[in-house]
Amino acid sequence: MTTFILNNQLIQTDQPQGMTLLDFVRYHKHLVGTKIGCREGDCGACNLLMGELIDGKMHYKSLTSCITPLGNAQGKHIVSIEGLNMEKLTPYQQAMVDESGSQCGICTVGFIVSFAGECLAYRPNSYESVIGAIDGNICRCTGYKSIERAAKIVYNKLKNKDIANPVAWLVQHGFIPEYFMDIPKKISQIVVPTPLNGHVIVGGGTDLFVQKHDEIYESSVNLISDNKHLTGIRKEGGKCIIGAATNATQMLESDILNKIFPNLYAHLKLVSSTPIRNIGTVAGNFINASPIGDLTAFFIALNSTIYLKNKSGNTRFLLLKDLYKGYKILDKSEDEYITHLSFDIPDSDTYFNFEKVSKRTYLDIASVNTAIQITVQNDYIEEVHISAGGVAPIPKYLQQTCNYLTGKHLTENTISEALEVMQSEVAPISDARGAKEYKRLLLRQLVFAHFMELFPEKFEIAMLA
Ligand SMILES: Cc1cc2nc3c(=O)[nH]c(=O)nc-3n(C[C@H](O)[C@H](O)[C@H](O)COP(=O)(O)OP(=O)(O)OC[C@H]3O[C@@H](n4cnc5c(N)ncnc54)[C@H](O)[C@@H]3O)c2cc1C
Ligand code: FES
Ligand code: FES
């Protein structure tokens, strides 16, 4: 049984928890305002809001309902366009009308829902954050300039928002219907049953539903994204510990991670889009084992350890880089799952960088990605870890390159020679994301870009030639 509130209505349903939320909303509740575009998380036409009660307050985020399991709505407030509509247009709906932000209208509902999610955030809104909120929405016919102008209006209208109590302010100013005020009480009355302990582990579902939509519908699922034992980011001793079911937005909002990685926002905004980051988990990225997984590249370079548990309760750990044995072949038995990961918090001599190039800057998977963690003392490389995606059948740890660099003086010559070593340990293939020669060259440039980014006084653009 899945129990939640859909707009203003209490839902109790025995439909399979592996059904997509989109299908439930459209075909079982006949709320057809939510549109179907790609069914792969790519276009945002199906976006809904999911509100969660945390410490007495509702926290809302947008998500792509076409790849979200119905079971993940358990105990939540799900909002579709029908739940945002009022007699008068909301300011963000009016902005789209005034700026001619819609033509055929297939995408429009998704844009409106994303704008609503941004309005509901417990932080000031900037023009950049309003634009960022629609980074997972694609429009094929209007043209983005008019939608950007609508976003500007939305931003201007939010300037005086009460960030301590956005829901009340938004209700008062006609952004959302009044019933939102009663939702915390209604949600707190829902008794959430113990989740099913099914066969297929589902985090956000952003990989599974793209690849195995029908299979998941028929499977018994083990939904872990709300499992409190598997989420959260904390410091323990000199280590940072991240729960396996933590998503990229939770990483982005973490004070601990932002302190460790001052460029975290710049790095993570290159990963998927807002609604995908809101649900896709870090362990899902590891286990999917895509050779171009961004979070995988990120955490391999941090020399992270992952912790596994099996159904009998036995635990073990291994370095993330050692998880990958061949294309989609893992050092993991069927009944093991990841509980958390950990990495050493870098000291002041240790530097981190992440680079990614894809065909589109945002909402696209990488042609090549790479991350580095390097410790330099008195100009000597004490320790270095470099990952590279898109250049091998697995997320690659550049072992030989790292061995070559360790103990060397940090000079242009050292880096040039290391780049040669690197070429001998990668074997990209030509595919839709680029020719193998291009990927080799790209990796070379990106690894050099790490050094330019981290040590700008030492390395200049000239060396790229
Ligand atoms: C539109 C779109 C854009 C994307 N863009 C990017 C991108 O830019 N970069 C990128 O790296 N990825 C991208 N992805 C891929 C995906 O979002 C990520 O890989 C995400 O981190 C997967 O997490 P999830 O929780 O959704 O995985 P799920 O689909 O829930 O699970 C994936 C696999 O992991 C297993 N699993 C999940 N959690 C555990 C666990 N704790 N222990 C053991 N097994 C587990 C599942 O059983 C399944 O086999 C994109 C996906 C979409 C749909
Ligand atoms: S239908 Fe395109 S993201 Fe869901
Ligand atoms: S208005 Fe037609 S796709 Fe956006």
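Helix α17 (residues 412-424) and helix α18 (residues 436-454) have axes that come within 10 Å and cross at roughly 145°. Their crossing is right-handed. This is a predicted model, in which local features need pLDDT of at least 70, side-chain atom pairs count only at pLDDT 80 or more, and totals for chains, interfaces and linings use all residues. Residues are numbered from 1 along each chain as its sequence is written, while chains are lettered from A and ligands numbered from 1 in the order in which they are written.

**Helix pairs**

- Two packed helices are described by the angle between their axes and the distance between the axes.
- The axes here are lines fitted to C-alpha atoms, for helices over the stretch in contact, and angles run from 0 to 180 degrees between N-to-C directions.
- Helices (H or I, at least four residues) and strands (E, at least two) are DSSP runs, numbered from the N terminus.
- A crossing counts as right-handed if the near helix is turned clockwise from the far one by less than a right angle, and left-handed if anticlockwise.
- On the α17 side, the contact with α18 is made by I415, L419, M422 and Q423, and on the α18 side by R440, R444, V447, F448 and F451; two residues are in contact if their C-beta atoms, placed from the backbone, lie within 7 Å.
- That contact of α17 with α18 has 6 nonpolar, 1 polar and 2 charged residues, where Ala, Val, Leu, Ile, Met, Phe, Trp, Tyr, Cys and Pro count as nonpolar, Asp, Glu, Lys and Arg as charged, and the others, Gly among them, as polar.
- For helix α2 (residues 91-98) and helix α5 (residues 144-157), the axes come within 8 Å and cross at roughly 145°, and this crossing is right-handed too.
- From α2, P91, Y92, A95, M96 and D98 meet A150, I153, V154 and K157 of α5; by class these are 7 nonpolar, no polar and 2 charged residues.

**Domains**

- The protein chain is divided into domain 1 (2-84 + 182-223), domain 2 (91-176) and domain 3 (228-464), with bounds that come from an automatic or database domain assignment.
- Between domain 1 and domain 2, the C-alpha centres lie 22 Å apart, and 18 residues of domain 1 are in contact with 15 residues of domain 2.
- On the side of domain 1 that touches domain 2, β3 (47-54) and β4 (57-64) are the elements that give two or more residues, and β4 gives the most, with 5 residues.
- By class, that side of domain 1 has 9 nonpolar, 7 polar and 2 charged residues.

**Around ligand 1**

- The shell holds 32 residues, of which G41, G203, G204, G280 and G284 come nearest; a residue is near a molecule or strand if its C-beta atom, placed from the backbone, lies within 6 Å of it.
- Elements giving two or more residues to this shell are β6 (200-202), α8 (208-211), α14 (282-288), α15 (294-301) and β14 (337-344).
- Helix α14 provides the largest share, 5 residues.
- The shell has 16 nonpolar, 12 polar and 4 charged residues, and draws at least three residues from each of domain 1 and domain 3.

**Burial and backbone**

- A residue is buried if 20 or more other C-beta atoms lie within 10 Å of its own, exposed if 12 or fewer, and partly exposed in between, with C-beta atoms placed from the backbone.
- Helix α15 is largely enclosed by the rest of the structure, because 8 of its 8 residues are buried; just after α15, N303 takes a positive phi of about 55°.
- Most residues other than glycine have a negative phi, and most peptide bonds are trans.
- N7 has a positive phi of about 55° although it is not a glycine; N7 sits in the loop between β1 (2-6) and β2 (9-13) and counts as buried, with 22 C-beta neighbours inside 10 Å.
- S100, in the loop between α2 and α3 (108-119), has a positive phi near 55° and is partly exposed, with 14 other C-beta atoms within 10 Å.

**Exposed loop residues**

- G238 is found in the loop between β8 (233-236) and β9 (239-243) and is exposed, with 10 other C-beta atoms within 10 Å.
- Leaving aside neighbours within four places in sequence, G238 is in contact with D344 and I345.
- T194, in the loop between α7 (183-188) and β6, is exposed, with 5 other C-beta atoms within 10 Å.
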